[in-house]
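Please read each point with the structure open.

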Amino acid sequence: MSEHLLRVDDLHISVGGGPARRRRRRPRRGAGAGAGAPARAGARAVQGVSFTIRRGEAVGFVGESGSGKTLTCRAALGVLAPGCTVTAGEIDFDGTSLVDLPRRRWDGLRGTRIGAVFQDPGSYLNPSHTVGRQLAEQFRVKLGHNRRDARQAALALLTTLGLQQPELVYHQYPHELSGGMLQRVVLAIAVAGEPDLLVADEATTALDVTVQAEVLEALDRLRAERGLAILAVSHDLAVIAQLCDRILVFYAGEVVETGPTAEVLANPRHPYTAALLRVASVGDWRRRELEVIDGAAPPAGAAITGCRFADRCAFVTDACRVAPVELRAVVPGAVVPGAVVPGVVVPGGPGIERAARCVRIDEIEPAARRDHERSGVPA
Ligand SMILES: Nc1ncnc2c1ncn2[C@@H]1O[C@H](COP(=O)(O)OP(=O)(O)O)[C@@H](O)[C@H]1O
Ligand code: SF4
Ligand SMILES: [Mg+2]
């Protein structure tokens, strides 16, 4: 059994490309997707992303729209869209390499070892069957339950997920349920096969704040009761802050900061993270979204020599633009001079999991912290 349930190492994904030539009789691939196929050059939308998730751990991706969060998740789920290609890197799930995994092997993983829930629950349900039937079906197919046991298991899971009157819900059709109820039903379907990992991409984004809190609670309960590991994605920092043990902050296709949630919130070491926290602190910080920092991120594939955040950074100097900026390990409360972590590697152990991609990491910390303190964000 691997120490890490999921290990993503130096992942690169391009978009808008495609196969250079068609090969006949090429076996169909799960969308680890076309890795290894001769590809027309696309725009690099994800570059050098690395992270790990341990069993039972919740890891969150946060960052503005278009920063590469969903592409990274989709690569780990084998469901990249046509034209999106893993061009380099490794994705290992419990000892199995997922890049270029044949489709039939994906079918054995998705739903049973890895579940997923996305923003729009309605589109994942069949409108002409009751939700109970669709949920019970998962227990029959994934766990081989008979009809009666599948029904019992479905009712128990609806209860675990906080649905009142599960018997009633069981017999309802999708259109009869509210958005929050639907999202919990889809969550139930995603975890019915007892996966080890759940990928939740903007799973609470469309919900109002009360219902969002209920769904987050349901996720917490699943973690506690089943040791479920969670990869959660949101552009809403508050959601990730509430749910996750560790955070990865994405900017323009790269991870710019990573670390234990409490440490990153209390002591952001990258100016972009500090800016996110400042933005989140305006008004009701729990509901603030992140797209309101001045300026825009460079588009996927933009050729930038130095730091990709330079055009929006209040701390930029000439040194920021001369060479690619690597992630540097951060020891809480101190800086390790020159401790560059090539392609990240974020091994376990206190202190080493903390990294930021900034050449002025040691100079900026006090200023970022001061801004943060002024913002009054609860850490
Ligand atoms: N199917 C696709 N075709 C072309 N470009 C895509 C596709 N999916 C994502 N992209 C591009 O890749 C970048 C990252 O997208 P995405 O991972 O969806 O961002 P996020 O989830 O952080 O909002 C964006 O520039 C987006 O436009
Ligand atoms: S490397 Fe320079 S431009 Fe980039 S975040 Fe750090 S200070 Fe800002
Ligand atoms: Mg997304």
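1. The model is predicted. A first point of interest is the surroundings of ligand 2, where 14 residues form the shell. Those closest to the ligand are Cys307, Cys313, Phe315, Cys320 and Cys358. Sorted by class, the shell around ligand 2 holds twelve nonpolar residues, one polar residue and one charged residue.

2. The next point concerns an open sheet of four strands, arranged in the order β4-β1-β6-β7 with antiparallel pairing. The edge positions are taken by β4 (43-54) and β7 (96-97); each has a single partner strand, so one side of each lacks a neighbour in the sheet. As background, the strands of a sheet pair through backbone hydrogen bonds, in either a parallel or an antiparallel manner.

3. Within this sheet, strand β1 (residues 4-15) is joined to strand β6 (residues 85-93) by seven bridges in the antiparallel sense.

4. In total, 16 residues surround ligand 1, and the closest are Val15, Ala45, Lys69, Thr70 and Leu71. The class composition of this shell is seven nonpolar, eight polar and one charged.

5. Which helices pack with their axes 9 Å apart? They are α6 (residues 179-191) and α7 (residues 209-226), which meet at an angle of about 20°. The angle makes α6 roughly parallel to α7, and their crossing is right-handed. On the α6 side the contact is made by Gly179, Gly180, Gln183, Arg184, Leu187 and Val191; α7 contributes Val211, Glu214, Val215, Ala218 and Leu222. The residues of this contact comprise six nonpolar, three polar and two charged.

6. A further helix pair is formed by α3 (residues 131-143) and α4 (residues 147-160), whose axes come within 8 Å and cross at roughly 115°. The crossing of α3 and α4 is right-handed. Contact residues are Gly132, Leu135, Ala136, Phe139 and Arg140 from α3, together with Ala150, Arg151, Ala153 and Ala154 from α4. By class, the contact of α3 with α4 consists of six nonpolar residues, one polar residue and two charged residues.

Methods:
Residues are numbered from 1 along each chain as its sequence is written. Chains are lettered from A and ligands numbered from 1 in the order in which they are written. This is a predicted model: local features need pLDDT of at least 70, side-chain atom pairs count only at pLDDT 80 or more; totals for chains, interfaces and linings use all residues. A residue is near a molecule or strand if its C-beta atom, placed from the backbone, lies within 6 Å of it. Ala, Val, Leu, Ile, Met, Phe, Trp, Tyr, Cys and Pro count as nonpolar, Asp, Glu, Lys and Arg as charged, and the others, Gly among them, as polar. Two strands pair if DSSP finds at least two bridges between them. Helices (H or I, at least four residues) and strands (E, at least two) are DSSP runs, numbered from the N terminus. Axes are lines fitted to C-alpha atoms, for helices over the stretch in contact, and angles run from 0 to 180 degrees between N-to-C directions. Angles under 35 degrees count as roughly parallel, over 145 as roughly antiparallel, 65 to 115 as roughly perpendicular and the rest as oblique. A crossing is left-handed if the near helix is turned anticlockwise from the far one by less than a right angle, and right-handed if clockwise. Two residues are in contact if their C-beta atoms, placed from the backbone, lie within 7 Å.
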